[in-house]
Amino acid sequence: MWESESVGDRDYGNRDFSLSKQSVKNDGFELKGNSWYVATDIPSDLLVQVGDVNFHLHKYPLLSRSGKMNRIMYELRDPDLSKMVLDDLPGGPEAFELAAKFCYGISVDLTAANISGLRCAAEFLEMTEDLEEGNLIFKTEAFLSYVVLSSWRDSILVLKSCEKLSPWAENLQIVRRCSESIAWKACANPKGIRWPYTGSKLAPKVSSPNWSDVKDSSPSRNQLQVPPDWWFEDASILRIDHYVKVITAVKVKGMRYELLGAAIMHYAAKWLPIMISEHGSGLTADEGSSSSISSGSSWKGGLHLIVAGTKDNESSAVQAKDQRMIIESVISIIPPQKDSVTCSFLLRLLRMANMSKVAPALVTELEKRVGMQFEQATLADLLIPSYNKSESMYDVDLVQRLLEHFLVQEQTEMSSPSHQSFIEKHYERGTGPNAKMRVAKLVDSYLTEVSRDRSLSLTKFQVLAEALPESARTCDDGLYRAIDSYLKAHPTLSEHERKRLCRVMDCQKLSIDACMHAAQNERLPLRVVVQVLFSEQVKISNALANNALNEARGDTNYQPMVPNRKTLLEGTPQSFQKGWAAAKKDINTVKFELESVKAKYLDLQNSMENLQRQFDKMTSRQKHTSAWSSGWKKLGKLTKTTMFENQNTGPETPTAGGAEQTRKIPRRWRNSIS
């Protein structure tokens, strides 16, 4: 506690203040309505108005310690001035009340809750050492330097109380000094922490939430291990601009980027509604700390700031502006290192940025950050609604941009000189080339989900499906599922559009189950079904050919995966065996039908060739035969018919010679004609 020295204890040289000393004797201040009075028999000769509060005071105690009031009296040149208006006094009536008590020699208790406002008010009133030794500026500066900045709790409270003192608190370096003090203590070794702190609300309490005075030598205190995130909850009560200064100072001190990212996520979960986890509902400061700063700030918690009832459009606009400022500030302080924050956090922040119409440059930067770790995303985080006037329900264009940033980042890392070390590092972490495969599965799942939207255009679906290189997908089952879902939701597609849609799928990458489903899928074009069956036939043929080749070579190095069929069946689940048996039966049926169709086709082709040859022969004879020859042929036929009738009238059993003669007669006539 600091107590101001009374006026009667000072020596003012040649000036005679004995009367004044007696005139300012008082028993304290009295509040009547909105007015403060000095409890003295001497009537007041100066009315000071600060906001809506009036102070009935005396000129001498104020003029003896305030340079500003001296200057006002001198500039107005009115010795009978009886009223001053100080509406722009930092700290308001509360700070001026303490300054006035100090001028009257009344003891003033300096605390973390009132020191910042009183320091700014002393600077405003110009209460310097030139007027009085040990004036208010000196006393408040000493308290800030030696008491506040050495305490974790007081540094937080003073910085919180500076929110209504801009720009005075910044100009007097109160914000900077408190931010650096907090940063130094946050970067301290947790093993050496002996001061009380709130701690994370997700973990067991290691100290009193009211920041009660806890002795440093407490046995229970020393036995508990302080977690690295001990300072997250206390720092999160700060306003965003002051929190940015703290995080910037912590970065300069060299804190690990993973811990910085965790602190930023904790702050965002407290102040942004969509970031709140199931454990993050308590957003207000602790009761003890909030009671000590209630006079200096109107902060009531992040959730109240965002989702308070909108009584009018003006309050809604202010809340939207505050939320946008928080989002933009959080984006700007995220560490640039990959994995400093989770991809899920970045995507939720991106969703809020699109909702709040954040600056496009910051949105682009955030999209690039998501692209750096896109393989960590989940389907739920990607389903971002389209907040602009768009033809689709989901923001498919945003996912397309995220995928492009991911591919650009992958290409940049592949072409970098340190590519080899990058590959080794990511193989150790289980990433690297598998990242594209995970992204391919994620994109296929996303396409399956958004394909149910009837307003999704075919072009957007196709462009997103074809954005990944072919090597990213080892199996196209997910893509086939998305295509089938799109065809089901868009039954009015033309044949050309269905063929165009199915072009993004590689039939050779479909599994047996997908092939069986596609062969019976009436929504697919007939050409795609044939391609599926053909690709399956080729797979089976190649497998049989390779097996026969290995057996023919007698390759001793060839070892089957299982010794015999019995062992294979024993190691296979019963449900899979039944499914495989049914699939194999269907495949054999399809093969038999294909062979039958092929045989019928060959028969029809042979018949057609025979008919064609006969037709060609008849046509060639008609071209080379004249009218006379045709007449002679008719005459020969008539003669032959007559002779045959005569032979029938003869004996019933002709002789052998007669039969031979009958067979030779047409030959003789044909020779004579030709």
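Biologist: Does Phe374 count as buried or exposed, and at what relative accessibility?

Modeller: The model is a predicted one, and the values are computed from it. Buried means under 20% relative accessible area. Phe374 falls under that limit and therefore counts as buried, at a relative accessibility of 0%.

Biologist: How many aromatic pairs does the structure hold?

Modeller: Rings of Phe, Tyr and Trp pair if their centres lie within 6.5 Å. By that criterion, the number of aromatic pairs in the structure is 10.

Biologist: What geometry does the aromatic pair of Tyr243 and Tyr267 have?

Modeller: The ring centres of Tyr243 and Tyr267 are 4.1 Å apart, and the angle between the planes is 15 degrees. Planes under 30 degrees apart count as stacked. The pair of Tyr243 and Tyr267 is therefore classed, with its 15 degrees between the planes, as stacked.

Biologist: Which parts does the pair of Tyr243 and Tyr267 tie together, and how many residues apart in sequence are they?

Modeller: Tyr243 belongs to helix α12 (residues 240-253), while Tyr267 belongs to helix α13 (residues 257-271). Tyr243 counts as buried at 1% relative accessibility, and Tyr267 counts as buried at 1% as well. The pair thus ties together parts of α12 and α13 whose separation in sequence is 24 residues.

Biologist: What is the arrangement of the aromatic pair formed by Phe374 and Phe406?

Modeller: The centres of Phe374 and Phe406 lie 6.2 Å apart, with 50 degrees between the planes. Planes under 30 degrees apart would be stacked and those over 60 edge-to-face, with the rest tilted. The arrangement of Phe374 and Phe406 is accordingly tilted.

Biologist: Where do Phe374 and Phe406 lie, and how many residues apart are they?

Modeller: Phe374 is in the loop between α18 (360-372) and α19 (379-382), and Phe406 is in helix α20 (residues 396-415). Phe406 counts as buried, with a relative accessibility of 1%. The pair links distant parts of the chain, at a separation of 32 residues.

Biologist: Why is α24 described as roughly antiparallel to α25?

Modeller: The axes of helix α24 (residues 477-489) and helix α25 (residues 495-502) come within 10 Å and cross at roughly 160 degrees. Angles over 145 degrees count as roughly antiparallel. The crossing of α24 and α25 is right-handed, and its angle makes the relation between the two helices roughly antiparallel.

Biologist: Which side chain does the side chain of Glu163 contact?

Modeller: Glu163 is placed in the loop between α7 (152-161) and α8 (168-171). Its relative accessible area is 11%, so Glu163 is buried. At 2.7 Å, its side chain makes a polar contact with that of Lys160.

Biologist: Which residue does a cis peptide bond join to Ser166?

Modeller: Most peptide bonds are trans. Here omega is about 0 degrees, and the bond is cis.

Biologist: Is Lys357, with its positive phi, buried or exposed?

Modeller: Most residues other than glycine have a negative phi. Lys357 is not a glycine, yet its phi is positive, about 60 degrees. This residue is found in the loop between α17 and α18. With a relative accessible area of 52%, Lys357 is exposed.

Key
Residues are numbered from 1 along each chain as its sequence is written. This is a predicted model: local features need pLDDT of at least 70, side-chain atom pairs count only at pLDDT 80 or more; totals for chains, interfaces and linings use all residues. Side-chain values use heavy atoms; hydrogens and water are left out. Helices (H or I, at least four residues) and strands (E, at least two) are DSSP runs, numbered from the N terminus. Buried means under 20% relative accessible area, exposed over 50%, partly exposed in between (1.4 Å probe, protein chains only). A polar contact is a pair of N or O atoms within 3.5 Å; within protein, one must be able to donate a hydrogen and the other to accept it, and residues adjacent in sequence count only if both atoms are side-chain atoms. Rings of Phe, Tyr and Trp (its six-membered ring) pair if their centres lie within 6.5 Å; planes under 30 degrees apart count as stacked, over 60 as edge-to-face and the rest as tilted. Axes are lines fitted to C-alpha atoms, for helices over the stretch in contact, and angles run from 0 to 180 degrees between N-to-C directions. Angles under 35 degrees count as roughly parallel, over 145 as roughly antiparallel, 65 to 115 as roughly perpendicular and the rest as oblique. A crossing is left-handed if the near helix is turned anticlockwise from the far one by less than a right angle, and right-handed if clockwise.
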